[in-house]
Amino acid sequence: MLTEKGFQRKRFDDLFAEAEDKAKEVFGEKVNTSERSFFGILLRIFVWFMAKLWAVAEDVYNSAYIPTAAGNNLDRLGPNVGITRILDQYAAGVVKIIGTPGHTEAAGFRVATKSGVQYETFEDFTIEADGMVLVKIEAIEPGQSGNVAAGLINIIVNPNPDVTAVSNPDRITGGREKETDPEFRSRFELSVAGGGSASLDAIRGALLRLDKVRAAAVIENNTMVVDVAGRPPKSIQVYVLGGDDQEVAETIFAKQSGGIETYGDVSKEVLDLGGYPHTIKFSHAEEVPIYVHVEVTKNDRYPVDGDDLIRNAIIRYIGGEDAAGSYYNGLSMGAPVVFTRLISAVYLVDGVEDVAFTVGSSAQDMQSQNVEIAPYQVAQTTADHIEVSSHV
């Protein structure tokens, strides 16, 4: 029933008690409603279906609210504040193709890693006079599997005598899985201020509504002197994790207050409605390397590659690059590395009896406690930063 405290769902036991009372009122106090009686069985079947209806009614009620909505119902609430769930994203980057000068290939030329992750070119390309050309590529399949380290793309899917070699000079990034309910709910709550202007929350909220922006932070210097971080008087510094730089700059310009200077190491030119240029500055989130040492007591169920599975579980939680070159988003900007969450990640591997941890932002300062991350930082780790030792 719906009360001033919200929807109060009736459970099976509650409904059966009411049905039993009604049966005794109609047929007398001596009516047999025991579990083995015909009338009792019939009554319980009917009440079971009634309980299902009450459960559906509760779900319908909960679907209207951010903390309790899930799936498509949560998606439908997003447009109320101008955001939508981030779907699977395709990793993208640049490869260097070597071959016969003057040779031309149409868009869709495919290359791959040794592990089988495939990519294709965005547009037609022609190999230049020096025998090589830089070409933009995008992963065939969406998701984090397309995020690979530099040098791992070296396979030509369809061999061609005029194309002799391929490699990626830089990391391929941008691939991610579909945004989960908790991630979308968190971004929903942070972005509700995006409808306003000229405030820190409005800028951050607007940035969080951009595709591929996973997190954002805005820090201001409202004094009349340069602060300890070098920010000029009456200025703001925006930190962004992910997103397109030009789009980020345009969003900051649209939301910032007039006369307030922007500060950062990324600079982009933005045109106002009159066509006049303005320089907008911001910064990318600072990546904090996380070092982990794990001692595991194992049993007979511990797999042969258990140490590697533990490393991968930790990387998936924190974020970073595994030994195969796959990149995982992990924690959002400003989120601390929670010590107990690391322990939980390790226990996902079968055969782990006990575990001891030390973790820190440097190999020389590791402790058994949380690692705090500043609002403009993001925790990252690699397989090389994680030391695992296992024993019986």
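The points below treat two residues and one annotated span.

1. The model is predicted: local features need pLDDT of at least 70, side-chain atom pairs count only at pLDDT 80 or more, and totals for chains, interfaces and linings use all residues. Residues are numbered from 1 along each chain as its sequence is written, and side-chain values use heavy atoms, with hydrogens and water left out.

2. The UniProt record, in an unreviewed entry, lists residues 95-175 as "domain: Baseplate protein J-like barrel"; such annotations may be inferred rather than shown by experiment. The span is 0% helix and 42% strand, and its end C-alpha atoms lie 16 Å apart. Helices (H or I, at least four residues) and strands (E, at least two) are DSSP runs, numbered from the N terminus.

3. Thr121 belongs to strand β6, residues 118-121. With a relative accessible area of 4%, Thr121 is buried (under 20%; exposed is over 50%, partly exposed in between; 1.4 Å probe, protein chains only).

4. Leaving aside residues up to four places away in sequence, Thr121 touches Ala106, Ala107, Gly108, Phe109, Val135, Lys136 and Ile137; contact means heavy atoms within 4.5 Å. A polar atom of the Thr121 side chain lies 3.0 Å from the backbone nitrogen of Gly108.

5. Asp308 is found in helix α7, residues 306-318. Asp308 counts as partly exposed because its relative accessibility is 44%. Asp308 and Ile386 are 78 residues apart in sequence, and their C-alpha atoms are 9.8 Å apart in space.

Note on methods. Polar contact = N/O pair within 3.5 Å; in protein donor to acceptor, adjacent residues only side chain to side chain.
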